[in-house]
Amino acid sequence: MSAPWTIQSAGAALRAGTTTAVALVESLQATADRLDHSLGTWLARFDDQAQAAAARADAELAAGTDRGPLHGIPLGIKDIIATDEGPTTAQSLVLDPAWGAQGDGPVVGRLRQAGAVIMGKTTTMEFAIGRPDPSKPFPLPRCPWNPDRWAGGSSSGTGNGVASGQILGGLGTDTGGSVRLPAAYNGISGHKPTFGLVPKTGCVPLGLSYDHIGPMARSAWDCAALLTVMAGPHPHDRTTVERPAGDFLATIDRGLDGLVVGVVANDRVAEASGPATQAALAQAITELEGGGARCQPFEVPYYDELSVGAFLALQAEAFAWHRTTLAQRWTDYGRPTRLTLAQGALINAADLVQVERVRQVARVAVIEAMDAAGLDLLISPTAGYGAAPFTGAASETISTRALHTPAWNSTGWPALSVPMGFDHDHLPLGLQVIGRPFADGLVLAAGHAYQQRTSWHLDQPPDPT
Amino acid sequence: MSGRPVNRSSTKPAEAVDEVETVVRVLLGQAGLTVPDEEVARLARLYPGLRRSADRLAALPVGDEVPAAVFHADPTEGGRP
């Protein structure tokens with residue numbers, strides 16, 4: 001099996017003239033023709049528009065116009081983010097078709113402006129929450145490493161699309177782990193940026209103060225290339241911050257030397273991680289130390305509260321957005337979605353305010369503890385186990401306790417998942433690298449350095465056909 | 001009412017389940033949701049855990065701390081109103 005395309009390698013090939021954007025797009029579309037029915041990657045494909053965009057990208061490169069690392073690169077967009085081609089469904093019967101008529105969300109527009117080729121809209125869970133519901137007329141996103149397993153969510157199609165070679169990267173969204181978890185389960189890289197770094201206008205909200213749009217691709221380098229284009233304030237988005245967005249490729253080769261890394265040692269993580277995950281984490285620590293980092297155990301203050309609070313608050317925030325349509329169209333929502341959203345009706349106003357007060361106290365406490373320990377970064381498994389089967393999963397493997405991601409939605413800090421090996425069923429496992437607020441560049445550089453020492457991110461799943 | 005703890009010690013298990021289901025049904029009804037009985041029962045099974053989580057956070061001493069999401073008087077601050 002030849003090495004898979006990455007955004008980095010495809011960009012080099014485009015500039016060397018050994019491939020073209022049109023050839024790349026046609027090749028990936030042929031792969032999608034072959035695999036989509038097995039993997040459930042796409043809700044809509046924009047084949048003609050993608051080929052036209054690729055032809056324009058080739059013509060520009062031939063004429064000496066180079067828009068940068070994403071020029072001519074085929075990407076998928078999670079179908080809760082609006083695009084010019086439309087439609088946007090949020091994988092739901094409920095979303096008003098008029099919602100998607102707004103055209104490109106700012107982040108999609110930025111990718112397009114950078115020369116990226118939008119291949120289509122990828123599968124999710126309904127409104128990016130719940131579980132796949134076979135009773136609704138949408139594809140079930142499957143893990144390419146074992147199609148009897150779920151691809152994880154909610155950025156499922158972008159995750160399995162990258163892993164199976166149908167796209168080179170794309171957009172996911174992350175409210176409690178929905179970029180990082182499918183990245184881990186599919187064996188790719190996914191980055192949840194610092195809250196406020198990337199505009200969310202044009203994205204169907206879930207948890208309004210927990211949502212992040214993030215890049216997904218094979219490598220940390222690729223994620224850095226995507227984030228460099230995606231980041232920066234936008235006048236229509238009050239959550240974005242006025243600060244220089246940054247060139248995350250400029251710092252990607254910083255390396256690991258001298259970094260002090262805290263290994264999250266809270267019981268919640270250790271108790272809800274299987275033996276294969278713990279062994280893979282130990283090996284990852286050895287690799288990081290081999291690169292010059294110093295790793296030490298670190299007890300994250302208020303870790304349980306940050307994790308639990310994320311679920312409570314995102315349910316309340318999501319219910320506020322869905323309340324009217326949920327009351328009118330209960331059965332049009334999938335059962336897992338409506339039962340998750342309805343829990344927001346069971347949380348009272350004081351509960352939510354207290355979550356937000358604890359959130360603030362906890363964020364300060366974590367920063368102070370990192371300062372006291374001299375830590376630059378934190379690491380943990382992304383999830384305690386590999387991708388779960390659609391039915392019959394052991395309860396501990398699908399418990400929310402086995403998701404080691406939501407605490408970092410509560411803090412709003414950057415968190416990257418990179419592949420760190422496989423479990424006993426040869427399902428991918430993820431290493432999560434967490435940084436201080438707006439230290440996205442350092443997080444991505446650490447992930448890149450790790451991937452210079454390992455090749456997990458280049459492993460490819462077997463062909464399911 | 002939603003913040004009122006369910007008194008488990010003075011009720012038999014079946015009665016406690018009934019009481020939780022009643023609370024959940026009221027809260028869903030107040031929110032305008034008409035939910036089939038089987039799904040009310042499912043939510044009622046989840047409700048005690050939800051309350052334990054919320055009550056655990058309520059017990060933390062956070063003093064006069066303001067919520068993480070801070071109010072700005074100028075509605076255009078940072079973007080569109």
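Biologist: What is the area buried between chain B and chain A?

Modeller: In this predicted model, about 3200 Å² is buried between chain B and chain A, and carbon and sulfur atoms give 62% of that area. The contact takes 39 residues from chain B and 38 residues from chain A.

Biologist: Why is the pair Arg338(A) and Glu39(B) called a salt bridge?

Modeller: The closest N and O atoms of Arg338(A) and Glu39(B) are 2.5 Å apart. The rule asks for a side-chain nitrogen of Lys or Arg within 4 Å of a carboxyl oxygen of Asp or Glu. The distance of 2.5 Å is within 4 Å, and therefore the pair is called a salt bridge. Across the interface of chain B and chain A, the rule finds 6 salt bridges.

Biologist: Which helices of chain B each supply at least two residues of the side that touches chain A?

Modeller: These are α1 (13–30) and α2 (37–58) of chain B. The largest share, 13 residues, comes from α2(B).

Biologist: What makes up the side of chain B that touches chain A, by class?

Modeller: This side has 21 nonpolar, 9 polar and 9 charged residues. Ala and Leu are among the residues that count as nonpolar, whereas Asp and Lys are among those that count as charged.

How values were computed: Residues are numbered from 1 along each chain as its sequence is written. Chains are lettered from A and ligands numbered from 1 in the order in which they are written. This is a predicted model: local features need pLDDT of at least 70, side-chain atom pairs count only at pLDDT 80 or more; totals for chains, interfaces and linings use all residues. Side-chain values use heavy atoms; hydrogens and water are left out. Contact means heavy atoms within 4.5 Å. Buried area is the accessible area (1.4 Å probe) that two parts lose on being put together, summed over both. Helices (H or I, at least four residues) and strands (E, at least two) are DSSP runs, numbered from the N terminus.
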